[in-house]
Amino acid sequence: MVMTNNENATQTLTRINFAKAAPKAFKALIGFDAAARDGLDPALVELIQIRASLLNGCAYCLHMHTSDARKAGEDEARLHMVGVWREARNFFTEKEQAALALTESVTLVAQGGVPDDVYARAAEHFDEEELARVLALIFTINTWNRIALSTGKVAGEDER
């Protein structure tokens with residue numbers, strides 16, 4: 001379906017509502033996401049989701065997760081530093097830095113895989129089960145980013 005959205009007759013394709021068009025897949029992803037975050041520090045969860053969303057250019061998810069982080073009491077200064085965490089290490093714990101590095105490597109996996117040193121650093125800070133959940137969380141936020149970008153979600157319109 002094509003619609004015009006201004007007087008210049010710019011045309012935009014109306015995109016599917018993924019949750020309605022593929023409810024089983026959507027519900028499965030919600031379950032996977034819930035299982036991934038189970039037992040993880042909520043602040044760490046948001047930092048991971050924010051970093052992946054920044055890397056993927058997903059404004060919809062970035063807005064959602066920075067808002068969630070603020071509501072949970074996250075420090076505003078830390079939120080501003082997520083994108084440049086390597087230059088602002090003093091804002092993040094060693095564990096958070098390891099998770100952010102892993103998030104970057106997994107999110108950008110096609111650009112060089114997940115280097116052994118990045119994986120080893122994460123394994124130093126997370127036990128095996130926790131590391132598996134961190135990886136699963138990175139997988140889910142990357143999937144959510146791709147859904148939001150592919151279906152034209154608009155930042156600021158939280159549809160949860």
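**Entry 1**

I looked up the contacts of Phe 126, taking contact as heavy atoms within 4.5 Å. Leaving out residues up to four places away in sequence, Phe 126 touches Leu 44, Lys 95, Ala 99, Leu 131 and Val 134. I note that the model is predicted: local features need pLDDT of at least 70, side-chain atom pairs count only at pLDDT 80 or more, and totals for chains, interfaces and linings use all residues. Residues are numbered from 1 along each chain as its sequence is written, and side-chain values use heavy atoms, with hydrogens and water left out.

I then turned to the nonpolar cores. A nonpolar core is a set of buried Ala, Val, Leu, Ile, Met, Phe, Trp, Tyr and Cys residues joined through side-chain atoms within 4.5 Å. Buried means under 20% relative accessible area, exposed means over 50%, and partly exposed is in between, with a 1.4 Å probe and protein chains only. The largest nonpolar core has 26 residues, and Phe 126 is among those with the most contacts inside it, along with Ile 48, Leu 102 and Val 134. Two or more residues of this core come from each of helix H3 (42-56), helix H6 (94-107), helix H7 (116-125) and helix H8 (128-150). H8 gives the most, with 6 residues. I also recorded a second, separate core of 10 residues, which includes Cys 61, Met 64, Ile 141 and Ala 148.

**Entry 1. Fold and totals**

I counted elements as DSSP runs numbered from the N terminus, with helices as H or I of at least four residues and strands as E of at least two. The protein chain comes to 8 helices and 2 strands. From the N terminus on, the order is β-β-α-α-α-α-α-α-α-α. The C-alpha atoms fill a box of roughly 55 × 35 × 35 Å along the principal axes.

Of the 160 residues, 38% count as buried. Among contacts with a separation of 6 or more, residues 24 or more positions apart account for 63%. The accessible surface of the protein chain, from the Shrake-Rupley method with a 1.4 Å probe, comes to about 9,100 Å², and 56% of that belongs to carbon and sulfur atoms.

For charges, I took Lys and Arg as positive and Asp and Glu as negative, with His and the chain ends not counted. Each charge is placed at NZ of Lys, CZ of Arg, CG of Asp or CD of Glu. The chain has 17 positive and 23 negative side chains, and the centres of the two sets lie 7 Å apart.

**Entry 2. Cysteines**

A disulfide is a pair of cysteine sulfur atoms within 2.5 Å, and the structure holds 0 disulfides. Cys 58 is buried, with a relative accessible area of 1%. Cys 61 is buried as well, at 4%.

I checked Glu 130, which is found in helix H8. Is Glu 130 buried or exposed? Glu 130 is buried, with a relative accessible area of 16%. Aside from neighbours within four places in sequence, Glu 130 is in contact with Leu 40, Lys 95 and His 125. Lys 95 is also among the residues that Phe 126 touches. Between Glu 130 and Val 109, 21 residues apart in sequence, the C-alpha to C-alpha distance is 20 Å.

Asn 56 lies in helix H3 and is buried, with a relative accessible area of 18%. With neighbours within four places set aside, I found Asn 56 in contact with Thr 107, Asn 142, Asn 145, Arg 146 and Leu 149.

Phe 26 has its place in helix H2 (residues 23-37). I found Phe 26 partly exposed, with a relative accessible area of 23%. Not counting residues up to four places away, Phe 26 touches Phe 18, Ala 19 and Trp 144.

Gly 152 is found in the segment after H8. Gly 152 is partly exposed, with a relative accessible area of 40%. I noted that Gly 152 and Arg 15 are 137 residues apart along the chain, with their C-alpha atoms separated by 6.6 Å.
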